Amino acid sequence: MTLYDAIQLFQRHIIQNCGSESKTAQAYIRISNDLQRYAKETDLEVSPEDVIQEYYRIIVGVPAFEAVPSKSKERRGRAVQMILDILNGKEPKRKYTTHKRDCPITYLNVIRKYETFMRNDQKSDGTVRTRSGRITVFFAFLEECKCTSLEGITPELFARFVSSLNDRYSSQGKASILYTLRNFFSYDEFSGALSFDPIPFLTGIHSGKHERLPSFYTAEEVRRILNAVDRNTPWGKTVYLMMLLASVYGFRSSDIKAMVLDNINWKNRTINITQYKTHKEISLPMTDEILFALLDYIKNVRPESDCSNVFIRLRKPYIAYSMNDHFGDKILPFFEIAGVDTKGKHHGLHSLRHSLATNLLVSGTPINEIAVILGHTSAASTKTYVWSDIEHLRAAALEVPKK
């Protein structure tokens, strides 16, 4: 396939999936036409792949295919990567993930085996990606130390890696990497390659969970944020319902995106889901506010589609949102309109879930009941959400005895 052929196929793909009148399609077609003009001015001896990579560097500002420096350049980079996929006979993706750190080639087969083991253990795609990224830190260290196989790891090298994390990561970041390392070596395939037992190096891992205050907002702030949404627009009705599900039920963003129409029992007025992360089934009563927001969204906003998901894209193709979409940047404007201070805090759907947990504790709800509402497998998980309730901690504090 020539580059010209790939660009023509790309344009047909975009028009078919987005519609010729959409701004997205028009922007992508402009980029592809510009690439075609650039290719005509380029040395004929250069391969199409090299043309695409150099064009990516010019319009995005970084070497191909490194992470884009800004949101404004993300669309340009994605269009170029889609054309490259088509050129190579691949199906273009909806989203491209760029990594700042690549796994050393000598450990690629090892990390692929690890990913296979995790998937066989029913780990979510998000968990697989996160742990792969963490274990890559270990493999990059090994490569820097000229260690090209697991068999070459010595106790001294292992200890050096653990020590090297101290000045580069927070307590929580270090603990996350070491937890992943412990999980990695829990598989006999990997631990059996070592001449020593690595687990003693990974016991007693300390995680400074309270180094930073978690992100939560008061009930009054949450209500102001919800009221800041313009519910006269299709996107306003959509995001308002998403935010309600997070702030009223404590749904994770993955639960919201995975929710299907069959989860709604209109007769009994309940929402019954199997949580995406924990695979735990929960059933919650449908409040009036949720009911009316659902009806408004389904009747007036949701496009006609064969997709069973409740939330689908409002423009073609009418498919479910990717699990990589967290909506944080789309929700932030409502925090700002409401005048809610987000400095040092997260401001996505998960912050609304966390706020629900803390506000329930403030209202006197027992911790085990909060765990049930959030779908946690243990109350210990819930405590990480609500420890920041300073007033309750102050009330429980013991007076320091006088000497």
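## The sheet

Two strands are said to pair if DSSP finds at least two bridges between them. In this predicted model, three strands form an open sheet in the order β1-β2-β3, and their pairing is antiparallel. The edge strands are β1 (264–265) and β3 (281–285), each of which pairs on one side only. Strands of a sheet pair through backbone hydrogen bonds, in either a parallel or an antiparallel manner.

The contact between β1 and β2 illustrates the definition. Strand β2 comprises residues 270–274, and β1 pairs with this strand in the antiparallel sense over two bridges. Within this pairing, Ile264 has Ile271 of β2 as its bridge partner.

## Salt bridges between separate parts of the chain

A search of the whole structure finds nine salt bridges. One of them joins the side chains of Lys113 and Glu189, with a distance of 3.1 Å from N to O. Lys113 belongs to helix α5 (residues 108–120) and Glu189 to helix α9 (residues 188–191), so this pair ties together parts that are 76 residues apart in sequence. Both ends are partly exposed: Lys113 has a relative accessibility of 41%, and Glu189 has a relative accessible area of 43%.

Another salt bridge is found where the side chains of Arg269 and Asp288 meet, at 2.5 Å from N to O. This pair links distant parts of the chain, since Arg269 is in the loop between β1 and β2 while Asp288 is in helix α13 (residues 288–300), 19 residues apart. Arg269 is partly exposed at 31% relative accessible area, and Asp288 is likewise partly exposed at 43%.

## A salt bridge within one helix

Which residue forms a salt bridge with Arg224? The partner is Glu220, and the closest N and O atoms of the two residues are 3.1 Å apart. Arg224 and Glu220 are both in helix α10 (residues 219–227); because they are four residues apart there, about one helical turn separates them. Arg224 counts as partly exposed, with 29% relative accessibility, and Glu220 also counts as partly exposed, with 46%.

## A positive surface patch

Four residues, Lys23, Arg30, Arg75 and Arg315, form a positive surface patch. Among them, Lys23 lies in helix α2 (residues 23–40).

Is Lys23 buried or exposed? Its relative accessible area is 68%. Residues count as exposed when this value is over 50%, and Lys23 is therefore exposed.

Terms used. Residues are numbered from 1 along each chain as its sequence is written. This is a predicted model: local features need pLDDT of at least 70, side-chain atom pairs count only at pLDDT 80 or more; totals for chains, interfaces and linings use all residues. Side-chain values use heavy atoms; hydrogens and water are left out. Patches are made of residues with over 30% relative accessible area and no salt bridge: like charges are joined within 9 Å, nonpolar side chains (Val, Leu, Ile, Met, Phe, Trp, Tyr) within 5 Å. Accessible areas come from the Shrake-Rupley method with a 1.4 Å probe; for residues, only the protein chains shown count as cover. Lys and Arg count as positive and Asp and Glu as negative; His and the chain ends are not counted. The place of a charge is taken as NZ of Lys, CZ of Arg, CG of Asp or CD of Glu. Buried means under 20% relative accessible area, exposed over 50%, partly exposed in between (1.4 Å probe, protein chains only).
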